[in-house]
Amino acid sequence: MISFYPGPSKVYPEIPGYVQEAYKQGLLSANHRSAEFIFISSTAISLLKEKLHVPEGYTVFFTSSATECWEIISQSLVKNMSFHVYNGAFGEKWFQYAQKLQPNAKALSFDLNEALPEKILVPAHAELIALTHNETSNGTALTQEEIAAVKNTYPDKLLAVDATSSMAGVALDFKSADVWFASVQKCFGLPAGLAVMICSPLALEKAAQIGERRHYNSLLYMQEMMQKWQTTYTPNVLNIYLLMRVLQNRPDISVTENTLVSRYQAWMKLFGELNYADLLVDNKEVRSKTVIPFRAEQLVIDQLRTESKKVGLVLGNGYGTWKENSLRIANFPAIADGEIEKLVDFLKSFSL
């Protein structure tokens with residue numbers, strides 16, 4: 001089966017070989033305080049900074065998932081209030097989760113086809129603004145200019161960005177925010193069970209001011225351990241090794257982005273030609289380059305889901321409000337050109 005599900009999605013074809021390497025080297029049993037792990041951790045982080053252009057002075061952490069990053073942010077970087085701006089299910093879930101830890105959290109929602117509001121009135125007591133760069137549920141995305149504008153308007157507040165469906169797929173201006181995070185089962189082309197969180201010096205200064213040390217994943221503990229290239233807990237050593245190996249053999253993010261943008265344009269052309277489906281997002285200015293949802297009658301959606309599996313293709317189900325009448329296609333780097341051609345041929349030849 002070829003998976004076009006937008007997470008967990010298709011992994012790079014080299015992954016089985018890398019797993020065998022790790023097994024033969026004894027890394028599946030490696031102690032996470034050992035010299036072997038420190039080498040893997042430091043090398044993976046150095047490569048990530050190099051290939052993704054992470055600024056000097058920013059710190060990379062390993063966590064179990066993007067959801068854990070939500071928790072760390074509310075615990076360690078917010079004392080009174082976070083302010084969440086979203087237009088989809090995952091941005092809303094982040095807000096709802098933050099409310100459980102910080103009941104004063106507030107939010108502003110905007111429409112699927114709207115750009116990020118130009119004038120966001122953030123409460124004075126909010127210490128952190130939360131944005132979702134690429135909304136997996138509905139295939140929308142913010143521009144780098146929009147993110148930078150929020151930070152420029154509120155330079156005294158931390159800005160945290162969920163980039164789960166875009167990091168390692170498109171180039172990000174990390175200087176425009178203080179916290180970025182992403183799970184690896186999407187554009188990184190890796191199995192689920194690992195996430196990276198990237199923090200600016202300002203974010204770590206804020207953590208020090210708050211001084212929160214009540215949890216195993218308190219950011220101050222994480223920072224102390226990462227100074228030794230280690231984690232506070234027993235991490236997913238295999239996935240960190242796989243991250244290192246994948247990054248060793250991937251091009252600069254600018255090359256990857258160009259490939260995905262070219263593929264995105266081809267997808268846009270295809271959906272302009274199909275007579276049974278339309279793109280879910282009407283406003284082309286807010287469309288994601290990495291998650292492409294399309295809508296159709298429920299009968300068509302059901303038939304597409306069934307028939308695609310018969311030819312070895314797995315399409316992503318719709319999510320939330322659009323669950324019944326849409327499907328999503330992952331436009332992620334690990335998916336090969338030939339696999340895309342197979343899906344394109346299927347969609348072109350499909351009929352009820």
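These legends describe close-up views of helices in a predicted model. Local features need pLDDT of at least 70 and side-chain atom pairs count only at pLDDT 80 or more, while totals for chains, interfaces and linings use all residues. Residues are numbered from 1 along each chain as its sequence is written, and side-chain values use heavy atoms, with hydrogens and water left out.

**View 1. Crossing of helix 6 and helix 7.** Helices are DSSP runs (H or I, at least four residues), numbered from the N terminus. Axes are lines fitted to C-alpha atoms over the stretch in contact, and angles run from 0 to 180 degrees between N-to-C directions.

**View 2. Residues where helix 6 meets helix 7.** Leu-204, Ala-207 and Ala-208 of helix 6 meet Leu-219, Leu-220 and Gln-223 of helix 7. Contact means heavy atoms within 4.5 Å.

**View 3. Two faces of helix 1.** Ile-15, Tyr-18 and Ala-22 are buried in helix 1 (residues 15-24). They lie on the same side of helix 1, because they cover an arc of only 60° around the axis. The arc is that of the directions from the helix axis to the C-beta atoms. The face turned away from the buried side carries exposed Pro-16, Tyr-23 and Lys-24. Buried means under 20% relative accessible area and exposed over 50% (1.4 Å probe, protein chains only).

View 4. Just after helix 1, Gly-26 takes a positive phi of about 75°.
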